[in-house]
Structures are given as structure tokens and as C-alpha cells.
Amino acid sequence: MRLYEKFFPHTPPVEQQLAQSRRIILAEEAIAGTIFSLGIGNFLVGYLTWMGASPAFSALVGALPMLGCILQAVSPFLFERLRYRKLCIVLVCLGFRFSMGLAAFVPLLFSHSASRQTAVFLLYFFACMCAGFVTPGLNQWILSIAPQESRGNFFAKKNILNSIVNASVMFLMGRQLDYFIGQGQPQTGYFIVYGTILLLTFLDIALLSHVWETPSQKVLNIRPQDFLRPFRDCKFRSVILFDTLWFIAGNFSSVFLPVYLLRGLGLSHSYISVMTILASVTGIFCNWVWGRMADRRGWRSVLTAASALSCCGYMGWFLITPTAALFAAPVLQCIATAGSSASSLATLNMEYASCPEEGKTVYLGAVAVVSNLMGYMATLAASGIQSTLEHSIGTERSISVLFAISAAGMLACLWHARKNLPKI
């Protein structure tokens, strides 16, 4: 009966229970962010490279989260019909995190390089489909729990804790992975990385199960044509356009960054982990700044700052050389973190504040589908360009060209944010 009450409470949660849920969410989101960082990034690139994958294939696997976001167009038809959404969200989150961790066993089940790469791709494909499906419901759940009067401060705290836990775990995993690679046992190092994902998955699901849910006050019968409502909303169209520009510009080259750090600049997993720690310290400071700026000046100001910083960061990756990488790469990583922390704080809150009170998951799902689909198409285009240029100018320079194109795209985001986004 007590377990039933966790997922189907007879009465709405009181303020004390919501306050407890906010504290749990801070810890749960830090663990969830760490799972994602362990599964997507330089560890995934190293794992696939060890299996014999090309840079283009590694980038396409790393971009699968964007492809999974297409299902955000489907999930509102389920979530808006449910009065209690918690059980569905928890189960799908389990499928997402657990299937990613199962990549640990791929080398034990398959001996051929192509079979291993295919197995990892399929596991990540399923994981990212689950992640995309659950995102609108999970985001609305978290936003409904966040304090209305100080939402910027709450999300700043969430991102700060996420940065601390993420950097600590990434550093430990990077150190042990470089040790085993040095010992000629990379498979052991990667097994520990993905085994850690499995352990964190069970902890994450346990925490998520203890977060209280405010039952939906009005169950909506969402129809397929309702998906077009966000595009007819003049106020919301500018938000959709900004998110689309942002995803096209950023994901055109960002999925190639781990490949660039490992194979182009020759940095080790440990050094990349140290860069992550330095960037996390920058992110902690910046999150306080962005949270205070959002509460005082609005989310549009934060997005303008994010676009400007990201533009500088991508141009820096284009100009960097391997000889200067040890000194310049951490600086560029800090700039990138400052820009991404501003974006992650502002985009979701801008979307949420621009939505009508009813059918928010439809609006959030629509903008996610369009922006992520265009972002994934940009990744496909970038993979084709990189594969073509690699034969003539090499891996390093072929990827750096993509960063220059992204910098130009961020200039477009900056212009759009200043001219067209609503003040919220």
C-alpha cells in the first residue's frame, strides 16, 4: 500500500513534501547528469575508437540523443492523458539509463569489431529513444516542483551540484581508464566506466521514486492536430526558431569535440577530466550569475550572453593548434561551459514561461522535436563534410572547419536573441 501511495497518492503533496522533493531532485539530477556524461562524451569516443570506429561513426552515435528527441512529439499524447505520470516516467528513465550501462557487456558477447559497433549503436539508439520520449513529462514534473518565486536560483543550485558531482566522477573514471590503457587493458577500464553507469542507475531510480508528484488537475485529450498549436502561436514561434538555430549551430560540430580532443589534439582521458573540473568550477560561478541575471533581467538576457560566449568558444576551437592545446584547451572548455550553462538554464525556462498553462508538454515536445531533428540533420551533414575533407586535410583540420561553421551559426543565434525573443 505504501508503494502504491508513492505513485498514486490520494491527496496532493503538501509544501513540506514538495520541499523534500526539491532536495531529492537536486541529488537525482546530479546523478542523472553524471550518467549521461559518462555515457556520452570522450569515454564513448574512446570506447568506439578501441573497437575500430571512425570519427564520423563516433560522432553519429554521440548525436543519437538528438534523434531520440523526435519522440517528444509522441509522448505528450500519453502524458497529457495521465493524471499520474510518475510511474511511467520512472520506468522509461530506467530503460534509458540501464540500456546505456549494458554496453559494458558488448565485448564479452561479440568478438568482431563491426558487430561490437553495431551492438553499441543499437543499445544507445534504444536508450536515446527512451530519453527523448520521457523528456517532456520529466521536465514538466521538475518545473512543477521548482519554487515559482526563485526558479532561477533553484536551477542554478541544481546545475552547480550537477557540475561538482559530474567533475568528481569523471576525473576518477578518467584516471582509472588511463591507468588500464597504460597497462594494455583498456577493456577493463571501459568495463568499470559502464559498470559505474549501472550502479548509478539503480541509485538514480531509487531517488526519483521518492520525489512527490503533483497530479495533473486537468486531463487533456490531445489530438494529432494539437501538435501544430505551438507553430500557430506567434509568441512561441520565436522561441522555436531560436532553439532550432541553436541546435543546428551547436550540434553541427559539438559531437566532434571529444574526437577532436582525443585524436586531433592528442589529449588523455585524465587531462580531459582535469579540464572538466576546471570547467565545472567556472560553471558553478556562472550558474549563480545566470540565475541572478534571469531573476532580475529575464531569460532573454541570459540567452544573449550564452550565444556570445559559445561563438567565441567555437572560434577558439577552430584556431587552436596541438602545440597550444595543453594551455588553450582548458580555457576554451571553460568558455564553452559558461555558454552551455547559460543556455541550459534559460532555454527550458524560456519555453516553459512562453507556454499556455494547459498542454505544456505539447509545446515543450514540439520545440524539442523540431530543434533536435534539425540538429541531428546538421550532424549528418557535418559527418559527410568531415569524412570528405579528412582525406585531403586530415582528421584534425577537417574537424576544425566544422567549428568555424558553428561559430557563424552562433552569431545568427545572438542576432535572433537580441531582436526577436520575448522578454520574460
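Colleague: Is Asp 204 buried or exposed?

Modeller: In this predicted model, Asp 204 has a relative accessible area of 0%. The cut-off for buried is under 20%, so Asp 204 counts as buried.

Colleague: Which residue forms a salt bridge with Asp 204?

Modeller: Its partner is Arg 97, and the closest N and O atoms of the two are 2.7 Å apart. Arg 97 belongs to helix 7 and Asp 204 to helix 11, so this pair ties together parts that are 107 residues apart in sequence.

Colleague: And Arg 97 itself, buried or exposed?

Modeller: Arg 97 is buried too, with a relative accessible area of 4%.

Colleague: What else does Arg 97 form a salt bridge with?

Modeller: Arg 97 also forms a salt bridge with Glu 28, where the closest N and O atoms are 3.6 Å apart. Glu 28 lies in helix 2 (residues 15–39) and Arg 97 in helix 7, so the pair joins parts that are 69 residues apart in sequence. Glu 28 is buried, at 0% relative accessibility.

Colleague: How many salt bridges does the count come to?

Modeller: The count comes to three. Besides the two that involve Arg 97, there is a salt bridge between the side chains of Glu 29 and Lys 158, at 3.8 Å from N to O. This pair links distant parts of the chain, since Glu 29 is in helix 2 and Lys 158 in helix 10 (residues 151–182), 129 residues apart. Both Glu 29 and Lys 158 are buried.

Colleague: Let us change topic. At what angle do helix 7 and helix 11 pack?

Modeller: Helix 7 (residues 86–101) and helix 11 (residues 186–209) pack at an angle of about 170°, and their axes are 8 Å apart. An angle over 145 degrees counts as roughly antiparallel, so these two helices are roughly antiparallel to each other.

Colleague: Which residues make the contact?

Modeller: From helix 7 they include Val 90, Cys 93, Leu 94, Arg 97 and Phe 98. From helix 11 they include Tyr 194, Ile 197, Leu 198, Phe 202 and Asp 204.

Colleague: How many of the contact residues are nonpolar, polar and charged?

Modeller: The contact of helix 7 with helix 11 has eleven nonpolar residues, three polar ones and three charged ones.

Key:
Residues are numbered from 1 along each chain as its sequence is written. This is a predicted model: local features need pLDDT of at least 70, side-chain atom pairs count only at pLDDT 80 or more; totals for chains, interfaces and linings use all residues. Side-chain values use heavy atoms; hydrogens and water are left out. Axes are lines fitted to C-alpha atoms, for helices over the stretch in contact, and angles run from 0 to 180 degrees between N-to-C directions. Helices (H or I, at least four residues) and strands (E, at least two) are DSSP runs, numbered from the N terminus. Angles under 35 degrees count as roughly parallel, over 145 as roughly antiparallel, 65 to 115 as roughly perpendicular and the rest as oblique. Contact means heavy atoms within 4.5 Å. Ala, Val, Leu, Ile, Met, Phe, Trp, Tyr, Cys and Pro count as nonpolar, Asp, Glu, Lys and Arg as charged, and the others, Gly among them, as polar. A salt bridge is a side-chain nitrogen of Lys or Arg within 4 Å of a carboxyl oxygen of Asp or Glu. Buried means under 20% relative accessible area, exposed over 50%, partly exposed in between (1.4 Å probe, protein chains only).
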